[in-house]
Amino acid sequence: MSYIQGETGDWEVVIGLEVHAQVISNAKLFSGSATEFGAAPNSQVSFVDAAFPGMLPVINEYCVEQAVRTGLGLKAQINLTSVFDRKNYFYADLPQGYQISQFLQPIVGKGEIVLDLPDGTSRTVGVTRLHLEQDAGKSLHDQHPSKTYIDLNRSGVALMEIVSEPDMRSSEEAGAYVRKLRSILRYLGTCDGNMEEGSMRCDVNVSVRKPGDPFGTRCEIKNVNSIRFVMQAIEYEARRQIEIIEEGGKIDQETRLWDTTKFVTRSMRSKEEAHDYRYFPDPDLLPLELDAAWVEDIRKTLPELPDDKKARFIEDYKLSVYDAGVLVSEKSKADYFEAVAKGRDPKLASNWVTGELFGYLNKAGKEIEESPVSAENLGGLIDLIADNTISGRIAKEVFETMFETGEKAADIVEKKGLRQVTDTSAIEGSIDAVLAANPDKVAEFRGGKDKLFGFFVGQVMKATQGKANPAMVNEILTKKLKG
């Protein structure tokens, strides 16, 4: 169990997350306006989005399908009847003066997410609900010295709010939860998970308690837009609350913001309760009735999700739990690996993908989709190792050139003359030359200094520019030194 050490002993942090995930859809939840990111301000706004008088919302069936697909991916209860409510509050970028959301009867009920933790263990976090709602617009405070501008392009965009149970007990678990949820959404194709563009945001609920005590008073940190910030905000907020309680104070339930420059949480407003929003069923929208057969048809189209793929990689490819977890974390990584491993040694393929390739991509700041080395070309490099055309050491040099130029391994090997020497007489000649040049070392080796064997191997590899087949070098050297 993960505890935080305070002045009065151990404290336990209790975390629940509300993730707002933008639905991948070409149109908004209740209008036909476009949803493309980066468009000119107020260029994707219909009369419905701008709340012109008399405009009525019309549900986007595809957004409903995406929500159901997500619920099925989270192994959650799909509610065949759900209701859209009006959540009433005033804000400048909320043209209607209310948000169409779901409250008592959401489209998706209880589900679960299995976390893959850094120490190789896993644990399950409950999902309370998933409901559909429309996004608000955006206030732009940095465009004018004394005025705030409003961009309504986001107004009406479909969001899935995915609410977890308060099951997480550390910032690491919260980070693992967001990573896993984002991975599942991307596999399903229901949200792109791009936190930088705002298509996935987190409200983080944090409270602290002495181990075994009832839950403490929670504070909500709004609109955190990166996994790193989620984890940092939890660490800071938990310690802030512990300090207040240990000094005799009490925690006020409130909404706070994460300051990304000072790395502190700041008070935003006292926390609203559900009754403050005066929820009531939206009179312009009928209850949403789903057909059970339609839900089953969607279930049949679900892709292989990360947990199932991980189990298959461990079973079929005999990969370690860790390697399988790394490879299935993103669908694009898993697909790349399977293309490389097809018809080849899967462990060797895994080593090259998770080792060399991921290392170079990370250093270059590239995603796997941008890799200069295609899966086909990496497979070609592995084939050259397998048929003894090149050694593993030479392969690393070849890979570096492949990453820089995008060329095929075989072309680089031919162009640079890197083909492995497997001619016994040529290797024997190099070994004879090395032994003749080092008679004192030969005598020491034969006198019992076995560690010198590595010296001779190194000298032979140097003489052959690393091209000699290492296994043949070892075999011939052993015969000549011990024969």
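The model is predicted, so local features need pLDDT of at least 70 and side-chain atom pairs count only at pLDDT 80 or more, whereas totals for chains, interfaces and linings use all residues. Residues are numbered from 1 along each chain as its sequence is written, and side-chain values use heavy atoms, with hydrogens and water left out.

**Domains**

Colour the chain by domain: the assignment gives domain 1 (3-296), domain 2 (306-416) and domain 3 (424-482), with bounds that come from an automatic or database domain assignment. Select domain 1 and domain 2, whose C-alpha centres lie 37 Å apart. Across their boundary, eight residues of domain 1 are in contact with 10 residues of domain 2; contact means heavy atoms within 4.5 Å. The area buried between domain 1 and domain 2 is about 760 Å², and carbon and sulfur atoms give 48% of this area. Buried area here is the accessible area (1.4 Å probe) that two parts lose on being put together, summed over both.

**Helix H8**

Next, select residues 346-364, which form helix H8. Helices (H or I, at least four residues) and strands (E, at least two) are DSSP runs, numbered from the N terminus. The 19 residues of H8 should span 27 Å at 1.5 Å a residue, and the 25 Å between its end C-alpha atoms agrees with this; the expected span is 1.5 Å times one less than the number of residues.

Begin at the start of H8, where a side-chain oxygen of Asp345 comes to within 3.0 Å of the backbone nitrogen of Lys347. Then go to Phe358, at which H8 bends by about 35°; the bend is the angle between axes fitted to the seven residues ending there and the seven starting there. After the helix comes Gly365, with a positive phi near 65°.

Which residues of H8 are buried? Among them are Pro346, Trp352, Val353, Phe358 and Leu361, where buried means under 20% relative accessible area, exposed over 50%, and partly exposed in between (1.4 Å probe, protein chains only). To see what the buried residues pack against, show helices H5 (306-317), H6 (321-328), H7 (331-341), H9 (375-386) and H10 (392-405).

**Two glutamates**

Centre on Glu237, in helix H3 (residues 227-246). Glu237 counts as buried because its relative accessibility is 0%. Its side chain and that of Thr265 are joined by a polar contact of 2.7 Å. A polar contact is a pair of N or O atoms within 3.5 Å; within protein, one must be able to donate a hydrogen and the other to accept it, and residues adjacent in sequence count only if both atoms are side-chain atoms. Beyond four places in sequence, Glu237 touches Val206, Cys219, Ile221, Arg256 and Thr265.

Move to Glu407, in the loop between H10 and helix H11 (409-416). With a relative accessible area of 25%, Glu407 is partly exposed. The side chain of Glu407 makes polar contacts with the side chains of Thr405 (3.1 Å) and Lys415 (2.8 Å).

Asn42, in the loop between strand E2 (9-22) and helix H1 (61-73), has a positive phi near 60°. Asn42 is partly exposed, with a relative accessible area of 39%. Finally, select Lys318 in the loop between H5 and H6: its phi is positive, about 55°, although it is not a glycine. Lys318 counts as exposed, at 61% relative accessibility.
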